Amino acid sequence: MTQSGPFTLGQLAEALGATLEGDPARPVGGVAPLESAGPNEVSFLLSRRYQRLAEETRAGAVVAPADATGLPGAVLRVASPQAALITLLRLFHPDPPHAPGIHPLALVAEGASVDESAAVGPFAVIETGATVGRRTRIGALTFVGTGSSVGDDTLLYPRVVIRDGVQVGSRVIIHPGAVIGADGFGYAFDGAAHRKIPQVGGVRIEDDVEIGANTTVDRGTLGDTVIGRGSKVDNLVQVGHNCDVGEDAILVAQVGISGSCRIGSRAILAGQVGVADHVTIGEGAILVAQAGVPSDIPAGEVWGGMPSRPMAEARRIWAAERLLPALVRRVRTLEKRLEELERRRA
Amino acid sequence: MTQSGPFTLGQLAEALGATLEGDPARPVGGVAPLESAGPNEVSFLLSRRYQRLAEETRAGAVVAPADATGLPGAVLRVASPQAALITLLRLFHPDPPHAPGIHPLALVAEGASVDESAAVGPFAVIETGATVGRRTRIGALTFVGTGSSVGDDTLLYPRVVIRDGVQVGSRVIIHPGAVIGADGFGYAFDGAAHRKIPQVGGVRIEDDVEIGANTTVDRGTLGDTVIGRGSKVDNLVQVGHNCDVGEDAILVAQVGISGSCRIGSRAILAGQVGVADHVTIGEGAILVAQAGVPSDIPAGEVWGGMPSRPMAEARRIWAAERLLPALVRRVRTLEKRLEELERRRA
Amino acid sequence: MTQSGPFTLGQLAEALGATLEGDPARPVGGVAPLESAGPNEVSFLLSRRYQRLAEETRAGAVVAPADATGLPGAVLRVASPQAALITLLRLFHPDPPHAPGIHPLALVAEGASVDESAAVGPFAVIETGATVGRRTRIGALTFVGTGSSVGDDTLLYPRVVIRDGVQVGSRVIIHPGAVIGADGFGYAFDGAAHRKIPQVGGVRIEDDVEIGANTTVDRGTLGDTVIGRGSKVDNLVQVGHNCDVGEDAILVAQVGISGSCRIGSRAILAGQVGVADHVTIGEGAILVAQAGVPSDIPAGEVWGGMPSRPMAEARRIWAAERLLPALVRRVRTLEKRLEELERRRA
């Protein structure tokens with residue numbers, strides 16, 4: 001990580017649009033969490049949950065909401081501490097300077113088009129007909145296949161694979177090991193063997209998407225698999241062929257989405273969730289970790305469990321399960337007592 | 001993807017062995033699904049589920065079963081629309097022409113043997129003693145370790161790792177990021193530390209196998225881990241050391257198989273299934289998505305759930321779980337009413 | 001795998017510190033399991049479970065515990081057959097000779113420091129400011145980022161990615177495809193879009209750690225993600241940002257650990273376990289396969305299920321679940337019978 005600074009509290013107040021309570025000339029050299037920050041560092045209070053840590057912090061200054069109280073030292077009051085934290089981190093850790101150019105050990109095939117402001121790392125391969133946009137960085141050992149396009153200001157980390165026929169938008173970030181555009185998993189059993197169904201579609205990764213390390217997004221059988229604008233995909237996620245992920249969706253690590261699913265905009269799939277093929281997840285729906293989803297989920301609802309159910313119902317079932325072993329014994333006892341009563345009655 | 005065509009309906013009828021109802025001179029330029037195909041494209045009706053889409057399609061022609069009715073335009077009637085679709089896709093998207101030869105930026109070590117009809121991409125590494133068969137393609141940035149063998153007509157996509165001592169058969173396809181032959185996960189705790197058990201076996205990938213992106217198949221401790229002829233493995237699957245996967249098995253994305261398991265031929269493990277070590281899955285058994293399998297599964301049966309049970313039983317349990325919270329209340333009520341009756345009786 | 005030998009039983013007895021019952025001059029050429037070993041091979045009896053296989057083995061000799069009985073041929077008696085097996089495997093399959101030096105097709109940037117006893121493979125990239133220790137091997141196509149350090153006697157297999165700002169200890173093994181130090185998954189939703197929280201921390205992999213193929217260990221937001229000394233991590237595991245994994249922990253394949261978790265020393269997380277963020281797993285705790293862990297687990301306990309519970313409780317629930325569908329019917333019957341009794345009473 002690059003490192004910048006130190007900055008004075010006055011400079012930080014200006015950069016953050018903050019109201020400063022403290023000495024504007026005091027310098028700080030870095031950002032640290034409340035519990036580990038020292039007098040030379042600035043820290044941040046993101047939630048009232050951390051109030052006690054804030055009261056005990058040794059930080060030289062704390063970025064805090066307008067109504068925070070009880071802070072021991074200098075305070076930078078802001079409307080949104082989380083937004084301010086992003087600004088702070090960018091200030092102390094700016095992007096490394098952009099160094100355009102194709103590394104002499106990269107291989108850019110004839111007929112590929114790399115913008116002169118783009119950077120291509122050593123042992124990267126840009127195949128024929130591929131295009132790389134302005135200020136885009138292609139990491140070392142990364143592969144961009146025939147006819148694929150990568151937009152502007154996009155960052156492909158080292159050792160990404162973009163196969164042929166894939167469109168990657170602008171301001172996209174793809175982490176190491178991700179594979180975009182491998183064949184979807186499609187076969188027809190002809191009675192003797194699984195015959196491969198050619199996967200001749202592509203993948204479209206829209207603008208402002210981020211894709212995690214070792215994640216796989218398969219190409220469509222016909223037509224494109226789509227990851228919509230602004231969606232964020234964590235590590236080791238599987239997105240099957242012909243899925244259509246909406247905008248600003250969140251797919252947490254190890255989520256698996258079968259083929260031809262539609263994931264609504266702003267939906268959140270927590271870690272290890274699995275979704276069966278042809279399922280629609282409504283806009284803004286939330287699936288809790290490890291949920292198994294065999295059928296459609298309505299917009300805006302929270303579901304969990306395997307098979308998944310509305311979360312309130314899932315919680316009631318989980319609570320009742322604890323009582324189940326005893327319940328079996330209680331029913332057996334009831335049966336005996338009732339039998340006794342009936343016997344006497346008769 | 002390569003693109004070929006256009007073809008006339010007459011040419012297609014001949015290629016598919018189809019009976020044509022329509023103008024044999026009419027040209028079509030591509031393949032598309034029923035809902036998006038235009039007059040210049042041919043589409044396909046794979047199942048009666050899509051009958052309505054077929055009746056409303058704008059496609060120039062539809063490949064359909066012999067007994068299909070209600071189709072608005074030209075029809076190509078075939079015995080198996082799915083087999084015909086494979087032929088169609090290969091016709092419009094033929095494999096790119098094979099260009100044999102070792103790229104000048106590839107590294108083929110002394111003592112490696114690459115057939116002259118094979119192709120090796122840039123920055124690929126073929127280590128000493130490795131062999132690459134006829135017409136086999138080794139993608140850019142792919143690694144083939146010491147003494148490993150790759151058969152004929154096999155396709156290793158860019159950035160595959162085949163470690164040392166691995167045998168890959170003929171007509172095998174391995175997608176980017178797959179790692180074949182990493183050490184199995186074996187340690188002996190000696191009271192102070194986990195001591196590594198050397199993993200000195202290998203891996204054998206038999207003919208006609210396909211292995212997905214970022215999947216890992218570990219080498220045996222002693223002897224080989226085997227993926228049997230014709231089996232298809234999806235993305236992000238883990239196959240542990242000394243597993244023996246039979247023929248024509250299907251392992252869907254994110255399946256995890258512990259060490260020393262036997263997976264029967266034609267078994268199907270759906271997405272995210274986990275199998276404990278030393279477990280045998282019978283021939284043709286089916287495990288539904290997310291099943292957790294602690295012990296052997298009989299041949300031909302369908303199991304699901306965690307812990308997995310025969311599917312009929314699992315479904316009954318899942319249905320009954322919905323009633324469980326109310327059941328707890330009903331038993332409490334029964335107990336009170338019975339107590340009241342008993343009290344009166346006494 | 002390298003191959004050494006043959007060795008006489010006398011030589012093996014000396015290497016293993018074993019008591020030999022048999023001809024010390026008899027040579028054996030390799031190691032094999034009881035069921036497949038031939039007269040030219042040595043085998044091993046690790047557990048009484050395999051007693052019958054041992055009695056029927058054709059092996060030239062068997063490494064066995066001091067008190068083993070009924071073995072048909074030569075026996076090498078040792079205190080710990082598992083430790084002896086490790087010695088045996090190393091003897092027959094020694095590490096290949098270490099060949100120091102930077103391959104002419106590797107790229108070591110100016111300002112990187114590679115010890116002269118280290119080995120760097122073809123198409124590997126060592127970025128500026130990175131350091132590589134004594135006798136360490138950097139595989140082909142592996143990337144070590146700016147300012148990262150790799151200790152002594154460490155083995156990075158081909159196609160590993162170590163991003164910038166990562167510290168890797170000594171005697172560490174990292175398998176192909178692993179990605180150490182990709183950005184953690186952190187965003188702040190500002191009402192319109194998910195804004196990326198810069199991930200400016202690092203990763204620290206301590207001594208004697210092993211990390212599996214295609215596993216991902218994310219860098220901290222601030223401060224380091226840590227994998228403690230001696231811990232072993234299997235394939236396709238996800239370790240989130242700012243996790244602190246203790247010493248000698250075991251993370252089996254496809255485990256997913258969310259951000260800011262603490263995993264106690266010697267804890268064991270079986271395959272496909274998922275842990276929610278900010279959770280603490282106590283020292284020596286065991287989580288069984290597929291457990292879903294929403295909250296802290298006490299030290300030394302065994303938990304399983306989703307949501308996870310103490311294993312004894314989980315087992316009781318799983319057993320009772322089988323009775324649940326019938327229980328629903330039994331309660332319905334009880335209600336009717338009781339109603340009848342009450343009606344008569346009234």
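This briefing describes the domains, chain arrangement, chain contact and selected secondary-structure elements of the structure above. The model is predicted. Chain A is assigned two domains, domain 1 (7-92) and domain 2 (101-312). Chain B superposes on chain A with an RMSD of 0.1 Å, and 53 residues from chain B take part in the contact with chain A.

**Domains of chain A**

- The domain assignment places residues 7-92 of chain A in domain 1 and residues 101-312 in domain 2.
- Taken over C-alpha atoms, the centres of domain 1 of chain A and domain 2 of chain A are separated by 37 Å.

**Relation of chains A and B**

- In general, a rotation about an axis and a shift along it relate two copies of a chain.

**Contact between chains A and B**

- Chain A contributes 51 residues to the contact, and chain B contributes 53 residues.
- On the side of chain B that touches chain A, the helices α3 (81-92), α4 (311-321) and α5 (324-345) of chain B each supply at least two residues.
- The largest share of that side comes from α5(B), with 11 residues.
- Sorted by class, the side of chain B that touches chain A holds 30 nonpolar, 13 polar and 10 charged residues.

**Helix α1 of chain B**

- Helix α1 of chain B spans residues 9-16, and its buried residues are L9(B), L12(B), A13(B) and L16(B).
- Viewed down the axis of α1(B), these buried residues fall within an arc of 100°, so they line one face of the helix.
- G17(B) follows α1(B) and has a positive phi, near 60°.

- Strand β7 of chain C covers residues 74-78 and is mostly covered, with five of its five residues buried.
- Burial extends to both faces of β7(C): A74(C), L76(C) and V78(C) lie on one side, and V75(C) and R77(C) lie on the other.
- Strand β2 (residues 19-21) of chain C pairs with β7(C) in the antiparallel sense over three bridges.
- Strand β6 (residues 61-65) of chain C runs parallel to β7(C), and five bridges join the two strands.

Definitions and conventions
Residues are numbered from 1 along each chain as its sequence is written. Chains are lettered from A and ligands numbered from 1 in the order in which they are written. This is a predicted model: local features need pLDDT of at least 70, side-chain atom pairs count only at pLDDT 80 or more; totals for chains, interfaces and linings use all residues. Domain bounds come from an automatic or database domain assignment. Two residues are in contact if their C-beta atoms, placed from the backbone, lie within 7 Å. Helices (H or I, at least four residues) and strands (E, at least two) are DSSP runs, numbered from the N terminus. Ala, Val, Leu, Ile, Met, Phe, Trp, Tyr, Cys and Pro count as nonpolar, Asp, Glu, Lys and Arg as charged, and the others, Gly among them, as polar. A residue is buried if 20 or more other C-beta atoms lie within 10 Å of its own, exposed if 12 or fewer, and partly exposed in between; C-beta atoms are placed from the backbone. The arc is that of the directions from the helix axis to the C-beta atoms. Copies are superposed by least squares on the C-alpha atoms of residues with pLDDT of at least 70 in both. Two strands pair if DSSP finds at least two bridges between them.
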